Amino acid sequence: MIKNRILLITILCMLSGCVAPERAIEGSTIDEGPVERLTFQSLTYTWDESSMVSDLNAISGNESTLLLWVGASCRGCHDWTDMLREGIENGSLEGMSVLSIHRYSAFEQTDDVLDRYVGNDSEYPIKWPMMLPSEDVDVINLDSGQVSDSDLYEAFLNPSTPTLQIYNPDGSIVPIDHSYWASWEELQDISTRMGRVNSGDS
């Protein structure tokens, strides 16, 4: 009986960083209240393995940024990461601002995340920053300057993995309907949408 429980716990831990592959991400339920403008600070790594504490809104600057919520063991996250990197490297996504955010700080070790995504020797190397916030990080409302009543995941619409969102220059968040596995057609649509925001046509 004890062995069975240990086996079950082990399996659950292995699946913690990934939703079912057959499940499509259909966006999150959005509260009908006013849209909050949000930011937070956390340890952030760059592709060259350097790190610092950074602010989400400061990283995004004055342009819309594609947020990719990831887990170390999430295969869909690996797939989207590879497609984004290849698109940026070959110029087809030139100018797209991307930021990965680790979703499972309570379950996954930082070293496991770095081994997957950070550095040229990682399995799925990023070419953009990656934030590793703790679950209890303070989320700041940019309008009031005060800590939001929502925790990190509530504030960012309860992302699973992979989840793609657009973080607008004003700090508002736009959910994106997308498939679990990376889709070039979907990514082109996202890129076009972000381009309209950056040009002021949205």
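How many bridges join β1 to strand β6 (residues 139-141), and do the two run parallel or antiparallel? The close-ups below take up that question and a few others; please keep in mind that the model is predicted.

**View 1. Strand β1 and its partner β6.** Here is the reply to the opening question: β1 and β6 run antiparallel and are joined by three bridges. To find your place in the pairing, look for Thr39, whose bridge partner in β6 is Ile140. β1 itself covers residues 38-45, and six of its eight residues are buried, so the strand is mostly covered.

View 2. Thr44 makes a handy landmark, standing opposite Met52 in β2.

View 3. Strand β5 takes in residues 130-131 and pairs with β1 in the antiparallel sense over two bridges. The residue opposite Met130 of β5 is Tyr45. Met130 turns up again in the core view, as one of the residues that touch the most other members of the largest nonpolar core.

**View 4. The disulfide of Cys74 and Cys77.** The link is right-handed, with 80° about the S-S bond. Are these two cysteines buried or exposed? Cys74 has a relative accessible area of 0% and is therefore buried. Cys77 counts as buried too, because its relative accessibility is 0%.

**View 5. Helix α3, from end to end.** The end C-alpha atoms of α3 are 21 Å apart, which agrees with the 21 Å that its 15 residues should span at 1.5 Å a residue. Buried residues of this helix include Gly76, Cys77, His78, Trp80, Thr81 and Asp82. Met83, Leu84, Arg85 and Gly87 of α3 are buried as well. After the helix comes Gly91, with a positive phi near 90°.

**View 6. The largest nonpolar core.** In soluble globular proteins, nonpolar side chains tend to be buried together. The largest nonpolar core here has 29 residues, and Leu66, Leu84, Met96, Tyr117, Met130 and Leu187 touch the most other members. Two or more residues come from each of β3 (65-70), α3 (75-89), α4 (110-117), β7 (163-167) and α6 (184-199). Which element gives the most to this core? That is α3, with four residues. Leaving aside residues up to four places away in sequence, Leu84 touches Leu66, Leu68, Leu93, Met96, Val98, Trp128 and Leu187. Another core, of 17 residues, lies apart from this one and has Leu56, Trp69, Met131 and Leu152 among them.

**View 7. Ser150 in its loop.** Where is Ser150? Its place is in the loop between β6 and α5 (152-155). Ser150 counts as partly exposed because its relative accessibility is 24%, a value in between the buried limit of under 20% and the exposed limit of over 50%. Not counting residues up to four places away in sequence, Ser150 touches Glu36, Val139 and Ala155. Ile140, the β6 partner of Thr39 from the opening view, is ten residues from Ser150 along the chain, and the C-alpha atoms of the two are separated by 9.5 Å.

How values were computed:
Residues numbered from 1 in each chain as written. Predicted model: local features only at pLDDT ≥ 70, side-chain atom pairs only at ≥ 80, totals over all residues. Heavy atoms only, no water. Disulfide = S-S within 2.5 Å. Buried < 20%, exposed > 50% of the residue type's maximum accessible area, 1.4 Å probe, protein only. Core = buried A, V, L, I, M, F, W, Y, C linked by side-chain atoms within 4.5 Å. Contact = heavy atoms within 4.5 Å. Expected span 1.5 Å × (residues − 1). Pairing = 2+ DSSP bridges.
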